[in-house]
Every structure is written in structure tokens, then in C-alpha cells.
Amino acid sequence: MQLFKKQFTVETEAGKTTYLNILNQVKEAISESNIQTGVLFVTTAHTTCSVFYEEFSHDFNEEGDEFLQEDLNHVLGKIIPDHTDASIYKYPGEAHYQEVESWPDVDSYLPGGDRRALWNGDGHLKATIIGSSVTLDVENHQLGVGNTGYIYFADFDTTRERQRKFKVMILGE
């Protein structure tokens, strides 16, 4: 039994949920792994990000999101409103603001000391619902899924652009 791991970095946008098709990176990891048969995990450690498996829908809105992504945004928005002011969610509370303000790299989290940068409670809740990982099959040194399924990385934190990471782990023979 072998374990193969590879980490990837992606760039996300400010002002909207960022969806990235990461299928090619996953296939690259499978190719590098030399694992013929096994199980594949794709995961992110970021608490406002998700990894999920969905059909590629071929149609895009004016912002470049696939129709299924636009529909997902619409559905999630019905149950989890955008965090546009401090009164919408209890998070972040005063203790959390103070903790972040004590960090040595506080400017990367609160640019200019602006506490609104932490108004991402909606992103945390959306990522919790969608999940931080996906588990799929590897068969004959290939991803064992259908032709229309793609793997997506989503960053639901719309407060600022960021570099985000995800890992591909393959366990098998």
C-alpha cells in the first residue's frame, strides 16, 4: 500500500464566491502517483473553502460562473444571507476580533485595521454545509468517475482575494 500526497495553490477573487475547476490538477497528481488502484481524497484546510464533485454544466453567466454554481449561490443565499454588517451574525465576536488583532500578521487579516474583513460568517457556514473534501475512486491509473463530473474548489469568503491551498492524497497500489 502506498500513500501519495501533493499540494496545490490557487488564487481566489474578492467580492464573489470563487469556483475553480481543479480536475486537471487532480489528474496530474494521479499521473505522478504511479498508483493503479485506490482511493483519492481532495481536501482543503481553509474553513471558508469547500471541495466538491459536480457535473460541468457548459453554460456560464456574465460573471463566468457555471449555471450550477450560480444556482448553488442562489440556494445557499436563501438559507445563509451575505455577511454585510456586524448585526447579521454573532460571529465574529469581540474576543475573536481581539485575538486576530493580536496576531503578528494582523494586516493580512484586517487590512488597515478594518474589522469588516472578518465579516465572513456566511463563508464559514456555506463551507460547513458543502464540506471540505471529496473522496473518489482511482482505477487503472485513472480517476474512476464519469465524463461529465468535475472537481471544484470553492472559496466562499468574498472579503478579499487570497492564495488558497488544497491537497490531493491517493492511497492504493
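Where is asparagine 140 found? It is in the loop between β5 (133–139) and β6 (142–143). Let me say what I am working from. This is a predicted model, where local features need pLDDT of at least 70, side-chain atom pairs count only at pLDDT 80 or more, and totals for chains, interfaces and linings use all residues. Residues are numbered from 1 along each chain as its sequence is written, and side-chain values use heavy atoms, with hydrogens and water left out.

A word on names. Helices (H or I, at least four residues) and strands (E, at least two) are DSSP runs, numbered from the N terminus.

Back to asparagine 140. Its phi is near 55 degrees, a positive value in a residue other than glycine. Asparagine 140 is exposed, at 58% relative accessibility. Exposed means over 50% relative accessible area, buried under 20%, and partly exposed in between, with a 1.4 Å probe and protein chains only.

Next, asparagine 34. This residue lies in the loop between α1 (23–33) and β3 (38–43). Phi of asparagine 34 is positive too, near 60 degrees. Asparagine 34 is exposed, with a relative accessible area of 54%.

Now the loop between α2 (67–79) and α3 (94–101), where proline 92 sits. Which residues does a cis peptide bond join? Tyrosine 91 and proline 92, with omega about -10 degrees. Why point these out? Because most residues other than glycine have a negative phi, and most peptide bonds are trans.

Threonine 84 is in the loop between α2 and α3 as well. Threonine 84 counts as exposed, at 55% relative accessibility. Its C-alpha atom is separated by 19 Å from that of leucine 72, 12 residues apart along the chain.
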